[in-house]
Amino acid sequence: MSEMTIDWRAEVEKRKEELIATTQQFLRIKSVMDFSTAREGAPFGEDVNNALQFALGVCRDAGMEIKDVDGYAGHAEFGTGKELIGVLSHVDVVPEGDGWSTPPYAAEIVGDRIVARGAIDDKGPGMAAIFAAKIVKELGLPLSKRVRLIFGTDEETLWRCMKYYFEREEMPTMGFTPDADFPLIYAEKGLTHLVWRQTKEAFAKQGLAHKQQIDARLIELKAGLRMNMVPDRAQAVLEPVGKTAEQLVAIYRDYLQQQGKTGNAAVEGSRVTLSMEGVSVHGMDPAKGVNAGTELVHFLKELSLDERAEQFASFTDTYLHEQHYGEALGIAQDDQEMGPLTLNTGVISYEAEGDIAFDINIRYPHSTTFEEWQPIVLKRLEEAAFALEIEEVQVPHRVDPKHPLVTTLQRVYTEQTGEEAGIMAIGGASYGRALDVGVAFGPLFPGRPDCAHQRDEYILIKDLLKATAIYAQAIYELAK
Ligand SMILES: [Zn+2]
């Protein structure tokens with residue numbers, strides 16, 4: 001069969017009923033991580049393992065060679081040749097949560113869609129990739145490379161699946177993951193989780209002069225839950241000294257009113273509790289939110305506080321308040337291609353009798369390196385007696401836009417949809433970065449709302465079919 005005559009959509013159409021039914025079966029396995037049923041060979045529990053075995057079973061029945069890598073991941077392979085094309089999807093899902101209109105694991109067809117946890121993230125697209133491979137295989141098209149469908153089991157938490165798998169198995173020459181957006185994501189920023197910590201001892205060592213005249217002592221301040229979210233709530237506890245509790249409450253209420261901020265102040269026993277509300281957004285784009293934590297500290301600058309609180313307030317206000325791009329720290333970096341370095345202050349914890357700690361999420365484009373900006377941050381921290389703890393560093397991930405992986409997938413997308421395939425750089429992390437040379441390719445088409453991780457998650461049946469045809473041609477074009 002000459003490739004010019006392949007009608008990929010027609011090939012999908014022939015298998016439509018089987019594809020839909022098999023996707024529904026796959027979605028009916030509640031593949032939420034459950035350590036209570038974990039065992040050797042099923043490290044994330046029986047349910048996740050059942051989903052892995054189901055996917056591998058469909059591939060085996062289609063004549064592919066399958067391998068279960070100790071339940072951490074598995075793969076199905078066909079074709080011949082030295083080079084290996086990888087297609088990476090995951091079988092685990094996030095917990096379903098409440099409020100569904102149909103049972104989350106019934107995988108019912110409601111109108112034009114299949115509704116289920118995992119429908120779009122990532123079992124629907126995973127099944128599209130399996131059927132795409134089946135089509136290429138069943139057409140008996142000659143391939144000069146091997147194709148490997150790889151199934152992860154722990155994408156939704158810590159990616160232990162991929163760590164385990166790639167310590168033991170071959171890294172594909174190149175590949176894609178159907179676990180994000182069409183047309184194509186070719187670049188992702190570097191990601192870091194840093195903790196900036198000042199102990200009571202480190203503060204004392206500086207020997208700052210003791211302040212005599214103060215309004216209040218800062219006892220405690222808490223804001224935020226996670227490094228990768230903008231805090232929408234913050235609370236501070238003050239102990240009145242030179243001003244009365246009632247005066248402090250009045251000053252704060254005036255401030256809120258004048259600044260148009262939302263918060264509250266209350267006297268509790270001998271102390272005053274101040275709260276501030278912000279707007280939570282994902283930490284990859286902190287400028288779109290309002291950080292309740294740094295907003296509250298910004299107010300504290302108005303008061304005369306004990307020396308540790310004053311240093312904390314001045315440090316926070318200078319380097320973190322409305323410093324979404326690390327400008328004052330001196331690490332701002334704009335990149336034509338990947339966008340700016342971003343800084344999110346995800347968690348603030350101040351304890352007068354303990355540590356001060358910030359959980360910071362810095363994401364950076366490939367025009368700088370961690371080694372380049374980290375010493376600049378460290379210097380600023382040391383000036384204020386903070387230590388730097390590095391919780392996580394992931395380097396930027398990028399495939400050259402001229403790489404045949406990118407250009408081939410762009411061409412396939414355009415041929416199948418008739419639309420231009422613009423390529424995207426993002427601040428988040430897709431499963432594509434688990435591959436050395438990997439991009440994210442679908443499954444969400446431009447303009448479709450993202451329903452991943454939400455109630456009533458769904459995949460439109462027409463999009464499932466369309467994605468399958470795109471993946472079939474993509475697999476063939478990459479492996480031919
Ligand atoms: Zn996913």
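## Starting at Q333

Let's begin in a loop: Q333 sits between α9 (307-319) and β15 (342-351), where helices (H or I, at least four residues) and strands (E, at least two) are DSSP runs numbered from the N terminus. This is a predicted model, in which local features need pLDDT of at least 70 and side-chain atom pairs count only at pLDDT 80 or more, while totals for chains, interfaces and linings use all residues. Residues are numbered from 1 along each chain as its sequence is written, and side-chain values use heavy atoms, with hydrogens and water left out.

Setting aside neighbours within four places in sequence, Q333 is in contact with G339, P340, L341, P365, S367, T368 and E372 (contact means heavy atoms within 4.5 Å). A202, 131 residues from Q333 along the chain, has its C-alpha atom 31 Å from that of Q333.

## Q374 in helix α10

Q374 belongs to helix α10, residues 370-383. Its relative accessible area is 16%, so Q374 counts as buried. Beyond its neighbours within four places in sequence, Q374 is in contact with L388 and I390.

How is the protein divided into domains? Domain 1 covers 3-188 + 397-479, and domain 2 covers 190-394; these bounds come from an automatic or database domain assignment. Their C-alpha centres lie 41 Å apart.

Ten residues of domain 1 are in contact with eight of domain 2. The size of an interface is often given as the accessible area lost when the parts come together. Here the buried area (the accessible area, with a 1.4 Å probe, that two parts lose on being put together, summed over both) is about 710 Å², and carbon and sulfur atoms give 52% of it. On the domain 1 side, R398, G427 and R433 supply 52% of the area buried against domain 2, more than any other three residues.

## The whole protein

Stepping back, the protein has twelve helices and 22 strands, and its C-alpha trace spans about 90 × 45 × 45 Å along the principal axes. Of the 480 residues, 56% are buried. Among contacts with a separation of 6 or more, 77% involve residues 24 or more positions apart.

How values were computed:
Buried < 20%, exposed > 50% of the residue type's maximum accessible area, 1.4 Å probe, protein only.
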